[in-house]
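Biologist: Hello! Could you walk me through how to read this structure?
Modeller: Gladly; let us look together.

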Amino acid sequence: MNWSGLESLLSGVNKYSTAFGRIWLSMVFVFRVMVFVVAAQRVWGDESKDFVCNTRQPGCTNVCYDHIFPISHIRLWALQLIFVTCPSLMVIAHVKYREGKDKKYMELHKGSHLYAHPGKKRGGLWWTYVVSLVFKAGFDTSFLYILYRLYHGYDLPKLSKCSLEPCPNSVDCFISRPTEKKIFMLFMVVSSAICIFMCILEMIYLIGKRMVRLFVTRHENERLVFADQHELTVIAPPRSQYLRADQNLAQSKMSLNNREKTNKGCTTTHL
């Protein structure tokens, strides 16, 4: 399997991921893919060759091996890594679709853009990203459950009893390096659990950020509506009206004084 090609393809997701998404991708390729390619394949390379049962009955060893290992750990982890990384391709495909749509819009509208940033997680891309996180966490959880059910709690016993046909009786079967294989299996399980936790944190971060943005937008709209409905009214008349009133009052006082003087003058002349 060409894991380097898959890594180069998924590295473009970093441009559209949050900090949690970048940590998740690093966890997948450093602690899971690298361990899988470098160490795990070599550890499990001899699982069928060095599987031994204390009998020479033809077919008994093969039947017991199939019963103890219904599916190889290596193949199960390979399927898990493929299923877990594929949802990230949904995000890349959606971004490419947006870029192509924006390019056609530019050609029709003489340079104006349909999307300011095609890779920004808004609208449909936000939903695609969240759905990809749900799929990634769901696939990891499903494969952990399958591994738990197949191997009875992530255990690899040093001695296994087998009494299936065509074995003549209950025979003892032994696998090679069971402790080393169990350590690698627990390491892959813990790595998967951490990746699930990172997906959950990223979903909480995205949903919380979306809710805060909606709350701020709603509060701003309510403030604008309140401002439109309660426009400022003029409580006091302008100062110029006070000046005119003062001038009219002064003129009325002057006219009143003139009338009093005139009345006094007229009274004096009559006497």
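Biologist: Is the crossing of H2 and H6 left-handed or right-handed?
Modeller: First, a word on the source: this is a predicted model, where local features need pLDDT of at least 70, side-chain atom pairs count only at pLDDT 80 or more, and totals for chains, interfaces and linings use all residues. Residues are numbered from 1 along each chain as its sequence is written, and side-chain values use heavy atoms, leaving out hydrogens and water. Now the idea: a crossing is left-handed if the near helix is turned anticlockwise from the far one by less than a right angle, and right-handed if clockwise. H2 and H6 cross in the left-handed sense.

Biologist: At what angle do H2 and H6 pack?
Modeller: Two packed helices are described by the angle between their axes and the distance between the axes. Axes are lines fitted to C-alpha atoms, for helices over the stretch in contact, and angles run from 0 to 180 degrees between N-to-C directions. For H2 and H6 the angle is about 165°, and the axes lie 10 Å apart. The two are therefore roughly antiparallel, a label for angles over 145 degrees.

Biologist: Which residues of H5 meet H6?
Modeller: Contact means heavy atoms within 4.5 Å. Among the H5 residues that meet H6 are Trp126, Tyr129 and Leu147. The axes of H5 and H6 come within 10 Å and cross at roughly 155°, which makes H5 roughly antiparallel to H6. This crossing, too, is left-handed.

Biologist: Which residues touch the most other members of the largest nonpolar core?
Modeller: In soluble globular proteins, nonpolar side chains tend to be buried together. A nonpolar core is a set of buried Ala, Val, Leu, Ile, Met, Phe, Trp, Tyr and Cys residues joined through side-chain atoms within 4.5 Å; buried means under 20% relative accessible area, with a 1.4 Å probe and protein chains only. Here the largest core has 44 residues, and Phe51, Cys64 and Trp77 touch the most other members. H2 gives the most to this core, 10 residues.

Biologist: What does Trp77 touch?
Modeller: Leaving aside residues up to four places away in sequence, its partners include Phe36, Trp44, Leu147 and Met188.

Biologist: How many helices and strands does the chain have?
Modeller: Helices (H or I, at least four residues) and strands (E, at least two) are DSSP runs, numbered from the N terminus. The chain has 7 helices and 3 strands. Of its 271 residues, 33% are buried.

Conventions:
Buried means under 20% relative accessible area, exposed over 50%, partly exposed in between (1.4 Å probe, protein chains only). Angles under 35 degrees count as roughly parallel, over 145 as roughly antiparallel, 65 to 115 as roughly perpendicular and the rest as oblique.
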